[in-house]
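Here are a few notes to go through with the model open beside you.

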Amino acid sequence: MKKIEAIIKPFKLDDLKEALGDLHITGMTVSEVKGFGRQKGHTEIYRGAEYVVDFIPKIKVEIVVSEDLCDRVIKAIISSVKTGKIGDGKIFVMPIESVCRIRTGERDRDAI
């Protein structure tokens with residue numbers, strides 16, 4: 001099993017949800033996060049004063065899938081959220097040792 005974390009632009013979340021639905025992905029965790037990479041933030045003007053916004057609002061999506069689905073999920077993420085502009089985000093893939101559904105006690109693949 002693999003855990004896929006994708007950091008994406010907030011307005012692309014619905015597109016990603018639809019693409020994952022096409023792969024029959026039935027669950028995900030979504031968090032509002034802030035951060036920066038090469039994008040470095042930007043300046044804004046408020047009431048005539050200029051200030052720097054260091055952290056850009058992003059969405060973090062976490063998905064746990066079986067290993068055989070991992071590459072298809074990554075391709076679906078890229079195709080659904082890519083704009084070709086700086087700040088499109090990142091995808092991280094990590095191994096998962098075990099999963100347990102609390103309600104039923106199901107383990108691993110049955111618990112996803």
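Helices here are DSSP runs of H or I with at least four residues, numbered from the N terminus. With that settled, keep in mind that this is a predicted model.

1. Start at the end of helix 1. Just after this helix, His-24 takes a positive phi of about 65°, and His-24 is not a glycine. You'll find His-24 in the loop that runs between helix 1 (13-22) and strand 2 (29-35). Is the residue buried or exposed? His-24 counts as exposed, because its relative accessibility is 67% and the cut-off for exposed is over 50%.

2. Now look at helix 1 itself. Which of its residues are buried? They are Leu-16, Ala-19 and Leu-20. These three sit on the same side of helix 1, because they cover an arc of only 95° around the axis.

3. Asp-14, Lys-17, Glu-18 and Asp-22 are exposed, and they lie on the face of helix 1 turned away from its buried side. As for the buried residues, what covers them includes strand 1 (2-8), strand 5 (56-65) and helix 2 (70-81).

4. Lys-9 counts as buried, because its relative accessibility is 13% and buried means under 20%. Leaving aside residues up to four places away in sequence, Lys-9 touches Lys-58, Thr-83, Lys-85, Ile-86, Gly-87 and Asp-88. Asp-108 has a positive phi of about 50° although it is not a glycine. Asp-108 belongs to the segment after strand 6 (90-95). Asp-108 is partly exposed, because its relative accessible area of 30% falls between the cut-offs of 20% and 50%.

5. Last, the cysteines. How many disulfides are there? The count comes to 0, going by a rule that asks for a pair of cysteine sulfur atoms within 2.5 Å. Cys-70 is buried, with a relative accessible area of 7%, whereas Cys-100 counts as partly exposed at 41% relative accessibility.

Methods. Residues numbered from 1 in each chain as written. Predicted model: local features only at pLDDT ≥ 70, side-chain atom pairs only at ≥ 80, totals over all residues. Heavy atoms only, no water. Buried < 20%, exposed > 50% of the residue type's maximum accessible area, 1.4 Å probe, protein only. Helix = DSSP H or I, 4+ residues; strand = E, 2+ residues; numbered from the N terminus. Arc of directions from axis to C-beta. Contact = heavy atoms within 4.5 Å.
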